[in-house]
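Subject: Structure handover

Hello,

Please take over the structure below. My notes on it follow.

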Amino acid sequence: MSPQREPARALIPLVCATCGGDLLADPGDRVAVCPPCRTAYFPAEGMAAYPLRFIRPALRGTEPVRYLPFWKLEAEWVIRADAGRSRQYLRIPSEGPLYFPAFWHPRFGYSGDITWAYLTFPGVPDFEGEGDSLRGGVRSPQILPDMGRLFILSCMDRIADISGVEVDLRPRSLEYVGVPFIRNGDGWIDGLCGLRFPPTLMGADGALAPCGDYPGAGFMVPSIPPR
Amino acid sequence: MTRIVALSCPLCGGAVAQPADSRQVQCPYCRKRLHYQGADFTPRLFLQPALGDGELQRRFFEMMGSPLLPRMIRRRSVILHRRRLFFPLYVVSGTRGGILDTVREKIVEDRLRDADQLGGMRVSRFPGAAAFESSRIKVETTPDTRVVLGDFSYLYSAAAAEEWDLDSGALQEVAKGRLDEARAADLQGLAKLGEVLEATIPVERVMEWGVASGRSVAGANVGLLETTVRILYVPLVEIVFRYGDQVHRVLFEEMEGKPLAGRLPFGREGVMTMGLPALAALGLLLGKAARSIAYDPIWRTGSAKDAFVLWSWYGVFVIFLLAMGLQFLHALLFSPMEVEVMTGGAQRVAVPRGVPDTAGGALVRLLADFSGYLKRRNSP
């Protein structure tokens, strides 16, 4: 059987639109990055480009800091609820950065503590990075607004029942961000708040455990939002 | 049927091989990395067989040492052929989210005053009324909601496992925990290593019956935000051998060498051997009973007629036992019994085509069912 010819546009080169340099990505990644230009590309969306940033770690350990890919969705939202419940939800901010892992993890709950902690952290310090590439990104940015809305609802659900409550979330900007993690004993802690994560988050060499192979606990069960 | 696709590099025009395990490919001419945009692409991976021929043979003969099998099966069986199969599994990963309607349960203590039940009399003010109080625990449910947001990764059979007597759950257990060992599957290269079974179950059916089935729960509004599907080929070995005039088949997985499925001949001599002590015990009991009837004063009735009746009943009982034993022997010898190999090497006696419809046949059925509870394991 003779092979069928696909048009040339079936393949698009993984090169930076700005500098023409090769983009960096592991074979299974869906996000490719250009560290010199500080840009991340999502080829499945026609090479949509996003700024690439890194969070400056506030904590240090004895081993090098490792960065894991996250999407940072800067958004504002409006909670539509009756007056009584609206008062109960006052603790929840109405805008801010929502950080979601760009990698898949079957035990990842409501984004866990990092999303809430970074949302309420006074000024997450980011910088342009030190030439690091960021591997392991597989999540599509298209679903982030839905994830953001559900995350806000999950925070509200811990305070009061959310029956009949709606959240209208409006995205402002989207960035691809490297979140620092530091080895802590057998497990990991994030480099900003010191939140603990189990050893199965990634291997000793910093490689993310592949999706589907999680013998132990994954992301921690999210805690109650701080009062 | 997987179609062969020829791709051209957009930079140098060179022919590029079809991607295997991801949408990233590299042009062999200009060495640039490219992203494949084709809509019908499904990444394919496979698990490398880890057992050598010698180890597989050892596992096979170890399984043949089961006491349920004929004693001489190792010496007298002839392996007809052996072949490798690559069984496809879907690896469905993604994110789902939504709001689940649920209930909140609260345990409350309902304090009752039995005295108040007495014709409406208000007795609570009487001294000692507290002695009539009792409490009852009950569960109150109130409607509640829960937000669901999380990633998932599931394994599903992509081909009909029943056609191979396979338990699809067993295959998933084999593959689970080994995804990091999976390699890119070039179908043409894989076909040189063994027979690659086609993914005959449409992935849409898997998505509808498996991943998205949570939406069928009443009140659930949980949707799939994102999904990706990959195909993972798991290596199996099928060994077909002849014992006597029957051909038998067994399937092993090739990572740890565990048996997964198969049908083996049943060793009747084992049952016969076990029956000898039982027969001896029965004979001893019957002898003791006869001796008791003959010499024990409790049976002395003083009448010849009564003694005749007593011995007649004894004779009827012995003949009844003999008839049952012969029927059981007949059913044992003529029932088409075989040993079914289950996941992990457990074995049980199966009677696939029915036993003679006699009392002895019922005993044989009982034996087969009982062996299912014994579950001997042959694998290490």
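A:Arg80 is partly exposed, at 41% relative accessible area. (Partly exposed lies between buried, under 20% relative accessible area, and exposed, over 50%; the probe is 1.4 Å and only protein chains count.) The model is predicted, so local features need pLDDT of at least 70 and side-chain atom pairs pLDDT 80 or more, while totals for chains, interfaces and linings use all residues. Residues are numbered from 1 along each chain as its sequence is written, chains are lettered from A and ligands numbered from 1 in the order written, and side-chain values use heavy atoms, without hydrogens and water.

**Salt bridges**

The search over all chains finds 22 salt bridges. The criterion is a side-chain nitrogen of Lys or Arg within 4 Å of a carboxyl oxygen of Asp or Glu.

What does A:Arg80 pair with in a salt bridge? Its partner is A:Asp168, at 3.0 Å from N to O. The two sit 88 residues apart, A:Asp168 in strand 9 of chain A and A:Arg80 in strand 6 of chain A. (Strands are DSSP runs of E, at least two residues; helices are runs of H or I, at least four; both are numbered from the N terminus.) A:Asp168 is partly exposed too, at 25% relative accessibility.

A:Asp26 pairs with A:Arg135, again with 3.0 Å between the closest N and O atoms. This link spans 109 residues. A:Asp26 is in the loop between strand 2 (11-13) and strand 3 of chain A, and A:Arg135 in the loop between strand 8 and helix 3 of chain A. Both ends are partly exposed: A:Asp26 at 32%, A:Arg135 at 33%.

Another pair crosses between chains. A:Arg139 meets B:Asp151, with the closest N and O atoms 2.9 Å apart. A:Arg139 lies in the loop between strand 8 and helix 3 of chain A, B:Asp151 in strand 7 of chain B. Are these ends buried or exposed? A:Arg139 is buried, with 0% relative accessible area. B:Asp151 is buried as well, at 5%.

**Nonpolar cores**

The largest core holds 42 residues. (A core is a set of buried Ala, Val, Leu, Ile, Met, Phe, Trp, Tyr and Cys residues joined through side-chain atoms within 4.5 Å.) A:Trp71, A:Trp77, A:Leu98, A:Phe151, A:Met156 and A:Tyr176 have the most contacts inside this core. Elements giving two or more residues include strand 6 (66-80) and strand 7 (95-101) of chain A, plus strand 7 (133-157) of chain B. Helix 3 of chain A gives the largest share, eight residues. A second, separate core has 25 residues, among them B:Ala159, B:Trp164, B:Leu171 and B:Met255.

**Strand pairing in chain A**

Pairing here needs at least two DSSP bridges between the strands. Strand 5 (residues 48-55) runs antiparallel to strand 4 (residues 39-42), with four bridges. A:Ala40 stands opposite A:Tyr50. Five residues lie between the strands of this hairpin, and A:Gly46 takes a positive phi near 70 degrees.

Strand 5 also pairs with strand 9 (residues 166-184), parallel, through three bridges. There A:Phe54 has A:Gly178 as its bridge partner. Strand 8 (residues 126-127) runs antiparallel to strand 5, with two bridges. A:Ile55 faces A:Asp126 in that pairing.

**Phi values to look at**

Most residues other than glycine have a negative phi. A:Arg38 has a positive one, about 55 degrees. A:Arg38 sits in the loop between strand 3 (32-34) and strand 4 of chain A. B:Arg31 also has a positive phi, near 65 degrees. B:Arg31 is in the loop between strand 3 (24-26) and strand 4 (33-36) of chain B.

**Chain B overall**

Chain B has eight helices and 15 strands. Of its 380 residues, 39% are buried. Its accessible surface (Shrake-Rupley, 1.4 Å probe; for residues, only the protein chains shown count as cover) is about 21700 Å², with 56% from carbon and sulfur atoms.

Regards
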